[in-house]
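Hello,

Please find the structure below.

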Amino acid sequence: VAVIYRLMLSYGEKIAYFVVDYIKNNTLHLCLWIICVLLIGFIISRLLKYESYISGSGIPQVEAEMIDQIDEKWYRVILAKMVAGTLAIVGGLSLGREGPSIQLGAMIGKGLASVFKRMKLEEKYLLTCGAAAGLSAAFNAPLAGVLFALEEIHKNFSPLALVTVMVASLTGDFISKNIFGMTPSLYFPLVESLPLGQYGFLIILGIIVGLLGVFYNKTTMFTLKLYDKITFLKNNQKIYIPLIISIGFMIFYPDVLCGGHHIIDLLHEGNYVLSSVLLKFIFSIISFGSGAPGGIFFPLLVLGSLIGCGYAIVVTTYCGVPNMYFNNFIVVAMAGLFASIVRAPITGIVLIAEMCGS
């Protein structure tokens with residue numbers, strides 16, 4: 001299911017960038033796309049009303065399910081999340097696939113427990129296993145799937161939990177790699193390890209991304225409060241706001257649309273623009289704050305890569321650091337920003353190592 005969702009988002013992103021070219025310098029095409037965006041917003045808002053638990057990344061819902069605070073209808077969540085999440089990417093929203101993949105995986109676990117009438121304890125294990133397999137398949141990161149599911153979802157490191165979750169996560173990764181290949185999700189080849197004499201630069205970078213992570217979280221909370229003050233729209237209708245804003249980005253700055261693979265490709269080509277960081281940051285929190293069905297992991301990793309790239313330009317140009325260590329700073333910045341925002345440092349270290357293939 002996570003692989004199917006990943007494929008759907010991939011095609012959704014291709015459609016979004018096709019639209020960018022389609023509406024360029026053509027007023028009629030632009031008008032047609034505005035109608036399509038309003039239709040996309042209507043469908044997503046109806047799906048949010050049909051199943052409110054699909055909003056956001058889905059990880060808090062899984063955590064609430066684990067402690068019996070909510071009882072999701074697993075089949076409704078799977079159907080609505082996959083359709084709404086794909087439409088959000090077609091609309092160009094800056095959202096990730098990892099949170100929804102975790103929720104989808106957990107709901108498959110709940111569905112298995114329901115169909116085969118398993119006891120409550122087994123249902124909890126199946127939820128955790130599904131969450132691990134979902135993250136593993138989303139990022140080709142089986143160890144990170146195991147750690148995240150145990151650290152954030154199950155909150156228990158018993159031998160039984162470890163073995164069952166590891167089996168599920170490795171299986172999810174095996175299926176994903178058979179479909180998408182062995183190439184890591186964020187391939188930044190590292191020529192050599194950074195020498196110990198340069199570690200002072202890492203401490204400075206850690207402080208920078210740590211402070212930016214705090215700023216990111218505070219800004220996200222502020223954005224959520226701003227959305228709460230919008231009373232003329234119901235909660236499920238606030239999706240229209242980022243969708244309409246995305247039209248402007250499609251016309252003037254399409255690089256910040258969708259998850260962020262486009263920006264990663266620009267970094268590989270040696271291009272870096274400071275405005276990309278600011279606009280990607282703004283659009284990500286606007287997209288996520290609306291309650292749109294999608295995650296924040298991938299957009300924040302893209303932000304981390306942009307910050308690391310900017311820092312690497314400074315230290316290699318002005319501080320005498322050899323250019324061969326350029327990518328090292330990008331990778332470390334992603335891990336640091338993830339740790340600061342999500343506050344799961346062990347998962348962050350393993351996730352970045354697996355995603356970057358080093």
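Predicted model: local features only at pLDDT ≥ 70, side-chain atom pairs only at ≥ 80, totals over all residues.

Residues are numbered from 1 along each chain as its sequence is written, and side-chain values use heavy atoms, with hydrogens and water left out.

Rings of Phe, Tyr and Trp (its six-membered ring) pair if their centres lie within 6.5 Å; planes under 30 degrees apart count as stacked, over 60 as edge-to-face and the rest as tilted. By this rule there are 9 aromatic pairs. One of them joins W74 and Y75, edge-to-face, at 5.6 Å centre to centre and 85° between the planes. W74 is partly exposed at 24% relative accessibility, and Y75 is partly exposed at 47%. (Buried means under 20% relative accessible area, exposed over 50%, partly exposed in between, with a 1.4 Å probe and protein chains only.)

F148 and F297 also pair: their ring centres are 5.8 Å apart and their planes lie at 85°, so this pair is edge-to-face. F148 is in helix α7 (residues 142-154) and F297 in helix α13 (residues 297-318), so the pair ties together parts 149 residues apart in sequence. Helices here are DSSP runs (H or I, at least four residues), numbered from the N terminus. F148 is buried at 3%, and F297 is buried at 5%. Together with F338, F148 and F297 form one aromatic cluster.

A charge sits over a ring if NZ of Lys or CZ of Arg is within 6 Å of the ring centre and within 35 degrees of the ring normal. R76 lies over the face of Y50, 4.5 Å from the ring centre. R97 lies over the face of F298, at 5.6 Å.

Regards

Note on methods:
Helix = DSSP H or I, 4+ residues; strand = E, 2+ residues; numbered from the N terminus.
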